[in-house]
Amino acid sequence: MSEDMTGNRSSPLAAARALLSATAIKALADDRWETVRPWIDYPLLVAFVVFLTLLFTPPNWRDAGPLPVVGAIAESTIRADRDLLIEDDAATELRRKAAEASVKPIFNYDPELYFNIVERVNKAAAAMAARAASKELEEAERRLAFQKDLGQPVNATVFALLEAFEDPADVARAINTFVGIGLDHMVVAARDELPRRGGIQIRDTVTQNEWQLTDPSRVIDLGKLRRLVQARAATATYGEARIVRSWVLETALALVRPNLIADLAATGAAREQKRAAVEATYVKIAADEVIVREGDRVTQAALDRLHALQEKAANRPYLGETGAFGALVTLMLLLGALFFQRSGHRFRLTRKQVYITLAVSAGAALLGFGFHFAGRGIAVGLDIDPRSGTFLIPVATATILIALLVDARTSLLAGIGLSLMLTHRVGGDIWLLAYYLLGVLVAGVTARRVRRRSELLRSGLAIGLVQAISVPMVLVLGAGGGAGGTEMIVVSCFFALFSGAISAMVATGALPVIEHIFDEATDMRLLELASADNPLLKQIALLSPGTYYHSVMIANLAEAAGEAIGANPIKCRVMALYHDLGKSVRPAYFAENQHDGNIHDRLPPELSARIIFAHIKDGIDIARKHRLGRAVLDAITQHQGTTLLQVFYDRAVEQAKTTGQPVREEDFRYPGPKPRSREAAILLFADSVEAATRALKSPGPAELEARIASVMDHKIADGQLEESDLTIRDLAAIRDAFRRTLTLGVYHSRIEYPQPLKPVETGGRRGDDNDERPRDRRLGFLRDVARRSS
């Protein structure tokens, strides 16, 4: 022995304990998964965001070469790489012209025009008579005044005749006989001002009312009005004005004018307003839509679309879209982290689970991206719409794997996020997103119940069936722009069904790889370890049958307790079966395997403690050699926590009274770590409870309950639960599960079997005691062999 700096002797026991602690820490890889390393974690997180951003942001549409000319034969099929809306100039112009044509010509109608002319003629005649009677003006001056009032020229001869009339009103009546014809008609200057078809919009200049004249047959032109005036010349009443009837007719023809005048400015403004109200016509070019098919003649419309695609690509803010998508992914991750942080300690993800979730999500995203192009290629080969290939993407793969490796809640969140990003990448709509989400939800529901690898295929079949059923509805509701025909529906349904199978097959193949990389054991792996056919369990039963029986009893207790508090019962059982794996190396040094006395009665307590500690290290070595996974390593290293080896410590204290050597309690405690999970804490309780109750002489229900409570209270008081998250309610449920299992399954009462009747002598030689003893010894040996092999 040597002394350390504090004067305490460093004993072989302390060295063994330190070695065991180092071995446990190395086996559990605390530095690898439990410790947050910002210089590694943050760069990897940034790399994950960058990877998804570059993968899911559609690249710019690049021109692979010169565009074909109109009339040429396309050498290859050109498809749109993404959904685009382009303006159809020709269609827009047609709609705008139609809108202009719908505006009827506007005409200003003056209903008072001919009334005003008649009144003007009457006033001119009356004024002429008044001036002639007053003689204040010279004749020339009176003629000029009359011409001004009438608005028409009058020569001196005609004017002299007019002034000589006894009743000058005959002149006015004669002129108005002709002018009055205009009172019954709407008159335009020329017939070509009226539209050939349709009506006109009339605006009353007096009342400002407007109405439409659908049949402008009542409208006449000025030429027709003049013909009507001339036709009335023979039947008109002239009175004294007959002698100047030629002048009267000429004056009437000169006075008539249009009372319906086309308002070109108003018509133009109305048509321009109507034209401006017409929105541009856009044509949707869907992703993968054929613009020009190989062997077809290039049309002007196809070339316009190609130019539009190039122009849109050139003007597309690719860097802005990429940055926005990266920011969105980052925001989703932050919200996910906040969600788990606020969900309580029980639902928080460990560092390893975060890495598993991100790794699986990245792999599933890359897988979906690959199958998207594979589906498009198959669809093109089948000569159907390539958009049917979007139904082949196995989005549910990530949900299945994360549900098995982490939990269902995390798997659903990851599946929803991937569905959103894949829908964006393939240019899908809300109905395609609904299709992906259906697969994710079915995967989340079915995968959480998967316990065997064969059940993964059933889960994949369920996913595929639900997706296939939803395909017709998704297509009809608009995914891909419509149903696309019976052939597309059939192929898409097949893709959807096959997608579920792909998800199951990929998960089956990837699961062992992920388990190996992250040193994780799923329920399927745990069931394989719990099988009685497992070679390692058979080896434990053969080399240390007492330990095996002890482990099976603990497994029953732990499994029942795990079910009672909502922990993983399969994990509890496997941890219990392998927690004493190291005892198979030196089985004779452990009480449950001893038959001819306790070997430790002849050994120093320090040596005994070192041997007991050694079974932890031996178990770690075997577990790591056989790659049993983190659950078994947790069981081996944590099932005793830092419990004190009370018997050997007490012996060492007794011997120290004689030898005078100091005894440190710390040297006789397991180095830990203490249980860090609910399953490990259950195992710690079950191990102690099984050993304590086995020592009871009369294990009745009351005695069992008292002993269970005593053992659990002692562990709690000893601080063994300081690193676990068991609640008071959990402890009560565990205590009740232990009591129920031991009472009903182990120490239940049985009826007493009757003693066999003594055989009747048949005349043979009666055996004596010496004859029976060898037979008893043989039966005892056989019973012992049977017990060891069970």
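User: Which residues in helix 14 do residues in helix 3 meet?

Analyst: This is a predicted model, where local features need pLDDT of at least 70, side-chain atom pairs count only at pLDDT 80 or more, and totals for chains, interfaces and linings use all residues. Residues are numbered from 1 along each chain as its sequence is written, and side-chain values use heavy atoms, with hydrogens and water left out. Helices are DSSP runs (H or I, at least four residues), numbered from the N terminus; contact means heavy atoms within 4.5 Å. From helix 3, Ile40, Asp41, Leu44, Leu45, Phe48, Phe51, Leu52, Leu55 and Phe56 meet Arg351, Tyr355, Leu358, Ser361, Ala362, Ala365, Leu366 and Phe369 in helix 14.

User: At what angle do the axes of helix 3 and helix 14 cross?

Analyst: Axes are lines fitted to C-alpha atoms, for helices over the stretch in contact, with angles from 0 to 180 degrees between N-to-C directions. The axes of helix 3 (residues 38-56) and helix 14 (residues 351-381) come within 11 Å. Helix 3 is therefore roughly parallel to helix 14 (angles under 35 degrees). The crossing angle is roughly 20°.

User: Which residues touch the most other members of the largest nonpolar core?

Analyst: A nonpolar core is a set of buried Ala, Val, Leu, Ile, Met, Phe, Trp, Tyr and Cys residues joined through side-chain atoms within 4.5 Å. Buried means under 20% relative accessible area, with a 1.4 Å probe and protein chains only. The largest such core has 67 residues, and the most other members are touched by Tyr578 and Phe738.

User: Is Tyr649 buried or exposed?

Analyst: Tyr649 sits in helix 26 (residues 646-659). Beyond four places in sequence, its contacts are Leu644, Val663, Arg664, Glu665 and Phe668. Its relative accessibility is 17%, so Tyr649 counts as buried.

User: How far apart in space are Tyr649 and Val663?

Analyst: Val663 is among the contacts of Tyr649. The two are 14 residues apart in sequence. C-alpha to C-alpha, the distance is 8.1 Å.

User: Which residues does Thr410 touch, not counting residues up to four places away in sequence?

Analyst: Thr410 belongs to helix 16 (residues 408-425). Thr410 counts as buried because its relative accessibility is 3%. The residues it touches are Phe340, Leu349, Thr357 and Ile402.

Notes: Helices (H or I, at least four residues) and strands (E, at least two) are DSSP runs, numbered from the N terminus. Angles under 35 degrees count as roughly parallel, over 145 as roughly antiparallel, 65 to 115 as roughly perpendicular and the rest as oblique. Buried means under 20% relative accessible area, exposed over 50%, partly exposed in between (1.4 Å probe, protein chains only).
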